[in-house]
Amino acid sequence: MGILFKNALIDGKTSDIMTQNGKITEIAQKITGSGVDLNGCRVFPGLVDVHAHGCIGFDTMDGDKLSEMSYYLAKNGTTSWLPTTMTMDMETVKSVVNADISKTNGANILGFHMEGPYISPKHKGAQNEKYIKNPDIAEFNSMRNVKMITLAPELENSAEFIRKCGAVVSIGHTDADYDITVNAIENGAVCLTHTFNAMPPLCHRNPGPIGAAVDKEIYVQVICDGLHIHKSVIKMLYKTFGPDRMIIISDSMRAAGLEDGTYEFGGQTVTVNNSVARTADGAIAGSTSTLFGCVKKAIEFGIPADDAFKMASETPAKLIGIPDKGKIQAGYDAEFIVLSDDYNIKMTVVNGEIIS
């Protein structure tokens, strides 16, 4: 089954997009045939969120609401994602990540992002300290569908774990210094998790994980909701890492898409006030923004639109080793979003089909 999308504005040029069996098969100025007229609206690649816990009242740890979340995310511009777990008892985590993810109604699930339990109690953030532990490769090998894992490399057994786990390793919720972080990167870690949050700050005499990331030229995830990080720091990260290594994430939790109130997050009570989610001890507990909302914030902060969208599509797809997502180009998956002139979503296409 194929759909022809006509009059799409791509990279400043009006083109038609032919899709077939979930793929983009042709992009040309004029393709013969009738189709869906996009009336010159701007089209960008569908967004890829590698760090999202939940939305509309649901959470990855619920275990049975992935389809509902995937539909909401698709309607809001995210066409592929990694449902992200919390630090809880390992039997619960295992039951979640070993679930069947082959069929969802909306955004594609590319695997899971396992955030914890192999993290630092000192920088636990909203994670439950009760379940924090050292890396265990045998335990991890009983997990299926884990595409990415966040860990603290200063923990015992972490270097061996990084080498053997087979997942994309991101450094986060950590108290690691520069040297420990460099060692982790040399063993195979390739990213920082929500950079600046839940890790030592960048200091001129003790550059920590962020300085190591600069030196070793790895990827950095950034929550660009306008609350977790000041806009000047967002711009600094963009100028330092560029659109090929900076990745915008949402880190959304179940309050995303809902109003202020009290919610559950990783077995803890979280209060959302003025769209800021916090645990009882005051730690910020994820965001209430969609990835598309974070992209719009990046543009508002002065990052060029093409780069902002790239950092939320092509770059995260490359990080997790998915080569056919993140571009509007023949041979790539037919996943894109159609926007109005004021950057509101008019249409989302996933696997070549319009999400309605």
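**Exercise 1.** Determine whether F44 and F309 are buried or exposed, and work out how their rings are arranged.

*Solution.* The model is predicted, with local features needing pLDDT of at least 70 and side-chain atom pairs pLDDT 80 or more, while totals for chains, interfaces and linings use all residues. Residues are numbered from 1 along each chain as its sequence is written, and side-chain values use heavy atoms, leaving out hydrogens and water.

Begin with burial: F44 and F309 are both buried (under 20% relative accessible area, where exposed is over 50% and partly exposed is in between, with a 1.4 Å probe and protein chains only). Next, take the rings, which pair if the centres of Phe, Tyr or Trp rings (the six-membered one for Trp) lie within 6.5 Å, and count as stacked with planes under 30 degrees apart, edge-to-face over 60 and tilted for the rest. The centres of F44 and F309 are 3.9 Å apart and their planes are at 10°, so this pair is stacked.

**Exercise 2.** Classify the aromatic pair formed by Y118 and F161, and find where its members lie.

*Solution.* With 5.3 Å centre to centre and 70° between the planes, the pair of Y118 and F161 is edge-to-face. Y118 sits in the loop between β11 and α3, whereas F161 is in helix α4 (residues 158-164), 43 residues apart. Both Y118 and F161 are buried.

Definitions and conventions: Helices (H or I, at least four residues) and strands (E, at least two) are DSSP runs, numbered from the N terminus.
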